[in-house]
Amino acid sequence: MHFRITGKNGNTLVKQGGWQNNRPSPPHEKYKFVENVFEELDAPGEWYLDRKEHILYLYPEQGTDLVAARLEAGGLEELVKIQGEGSSPVRNVTLRDLVLTGTRRTFMENREPLLRSDWTIFRSGAVLLRGTEGCRILSCEFARLGGTAVFVDGNNENLLVRSCYIHDIGSNGVAFVGDRSCYRGPKNYREAKGMSLERIDRVPGPRNNEFPRNCMVDDCLITRTGLVEKQTAGVQISLAREITVRNCSIYELPRAGINIGEGAFGGHVIEYNDVFDTVRETSDHGSFNSWGRDRFWVRDQMALSQDKDVVLLDIRQPNIIRNNRWRCDHGWDVDLDDGSSNYIIYNNLMLSSGLKLREGGVPQGLQQYYG
């Protein structure tokens with residue numbers, strides 16, 4: 001969680017923020033970080049911005065020529081925005097061989113609860129896609145960004161992100177997040193708490209098409225994401241269908257390398273990836289993490305005991321995890337948490353903490369997917 005210090009009342013700080021978590025908790029008693037304090041400007045490479053007086057103070061590193069030095073400040077949250085309207089998507093736009101860098105940090109805008117996962121989200125990125133079809137991001141470098149590198153928001157189809165180098169990122173590497181209007185179940189913890197099993201909407205699948213589908217991240221190197229926002233992932237998937245993550249190396253992250261936020265709507269394929277050195281600054285997580293918490297997961301009850309196929313209301317196709325190498329020394333290699341259901345997992349190499357299964361279900365008739 002992050003706060004902006006706006007003043008003080010006696011010896012008590014006046015703060016704004018703390019909303020960057022879907023399940024809020026008190027700040028850590030020991031580990032805290034404060035920046036832009038003038039009294040702490042005491043080491044080479046540090047700087048302080050006096051916003052009232054519009055003065056930038058810099059403690060230069062040895063050998064720095066301030067006369068010839070170039071000062072850069074990130075002002076934009078988005079560098080490229082591709083957006084269609086309704087039934088008229090933007091089609092077949094390709095970004096190739098670009099270096100995208102220098103966006104501003106967006107952690108104070110990160111306040112939308114992300115359905116049933118622990119996270120909140122800010123729908124923005126250096127490249128933001130809304131209402132697109134058949135677009136490509138090829139051989140681009142995303143570096144030193146304050147927010148997410150690629151944000152795929154809502155209705156997007158057949159996007160390909162291939163052979164990109166994504167590093168030193170404030171938030172997520174690539175995020176696929178649908179609009180909450182497409183989901184038939186409880187939209188957040190508060191709504192789920194008041195729900196009973198009898199009131200569950202039993203209509204399967206999404207309500208509309210406002211979600212990413214049939215997209216792929218392939219042959220990408222994703223590292224050092226989540227430098228500012230910790231509830232993030234190298235590849236984040238929520239309210240999406242048939243997302244493939246293939247042939248990627250993902251490492252040095254505060255939380256998961258690949259995260260699936262809930263069971264809506266399945267069909268994802270995670271294969272031939274090398275994911276390691278994860279969960280470096282958080283806990284109770286894995287190199288791969290997923291949550292269930294779908295429509296059958298309401299008010300601390302589960303409908304599985306009454307109807308095993310209730311898991312298929314949201315996860316319409318199984319998620320497949322195969323032929324990957326995982327290592328998480330601070331959590332689980334593969335963490336299927338809180339009712340994650342309808343997964344097919346085989347031929348993975350797990351080098352540290354293995355596979356966690358918790359309260360999920362396998363629907364009857366799953367054998368049809370084995371061919």
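**Aromatic rings and their setting**

Author: Arginine 213 lies over the face of phenylalanine 211, and the distance to the ring centre is 5.5 Å. This value, like those that follow, is computed from a predicted model.

When the centres must lie within 6.5 Å, the count comes to eight aromatic pairs. In one of them, phenylalanine 288 and tyrosine 343 have ring centres 6.3 Å apart and planes at 70 degrees, so the pair is edge-to-face; the cut-off for that class is an angle over 60 degrees. Because phenylalanine 288 belongs to strand β29 (residues 286-291) and tyrosine 343 to strand β36 (residues 343-346), the pair ties together parts that are 55 residues apart in sequence. Phenylalanine 288 and tyrosine 343 are both buried. Elsewhere, a single aromatic cluster is formed by Phe38, Tyr48 and Tyr57.

The structure holds two cavities of 30 Å³ or more. Tyr343 is among the residues that line the second largest cavity, together with Ile260, Glu262, Gly263, Trp291, Gly292, Asp294, Ile315, Asn319, Ser340 and Ser341. The volume of this second largest cavity is about 30 Å³, and its lining divides into four nonpolar, five polar and two charged residues.

By class, the lining of the largest cavity contains two nonpolar, nine polar and one charged residues.

Eight of them make an open sheet with parallel pairing, in the order β8-β14-β18-β21-β24-β28-β34-β37. Its edges are β8 (99-101) and β37 (349-350); each has a single partner strand, so one side of each is left without a neighbour in the sheet. Within this order, β21 (residues 221-223) and β24 (residues 249-251) are joined in the parallel sense by three bridges, with isoleucine 222 opposite isoleucine 250 of β24.

Parallel pairing also links β5, β11 and β15. Strand β5 (residues 80-83) meets β11 (residues 127-130) over four bridges in the parallel sense, and lysine 81 stands opposite leucine 128 in β11. Strand β11 in turn runs parallel to β15 (residues 150-153), to which three bridges join it; here leucine 129 faces valine 152 of β15.

An antiparallel case is provided by β1 (residues 3-9) and β2 (residues 12-17), which are joined by six bridges. Lysine 8 has leucine 13 of β2 as its bridge partner. Two residues lie between the strands of this hairpin, where glycine 10 adopts a positive phi near 65 degrees.

To return to the rings, the edge-to-face pair of phenylalanine 288 and tyrosine 343 is buried at both members, and its Tyr343 also lines the second largest cavity.

How values were computed:
Residues are numbered from 1 along each chain as its sequence is written. This is a predicted model: local features need pLDDT of at least 70, side-chain atom pairs count only at pLDDT 80 or more; totals for chains, interfaces and linings use all residues. Side-chain values use heavy atoms; hydrogens and water are left out. Rings of Phe, Tyr and Trp (its six-membered ring) pair if their centres lie within 6.5 Å; planes under 30 degrees apart count as stacked, over 60 as edge-to-face and the rest as tilted. Buried means under 20% relative accessible area, exposed over 50%, partly exposed in between (1.4 Å probe, protein chains only). A charge sits over a ring if NZ of Lys or CZ of Arg is within 6 Å of the ring centre and within 35 degrees of the ring normal. Two strands pair if DSSP finds at least two bridges between them. On a 1 Å grid over the protein atoms alone, a cavity is a set of points where a 1.4 Å probe fits but cannot get out, and a pocket is an open set with protein on both sides within 12 Å along at least five of seven lines; lining residues have an atom within 4 Å of a point. Grid points are joined across faces, edges and corners, and a volume is the space filled by probe spheres set on the points. Ala, Val, Leu, Ile, Met, Phe, Trp, Tyr, Cys and Pro count as nonpolar, Asp, Glu, Lys and Arg as charged, and the others, Gly among them, as polar.
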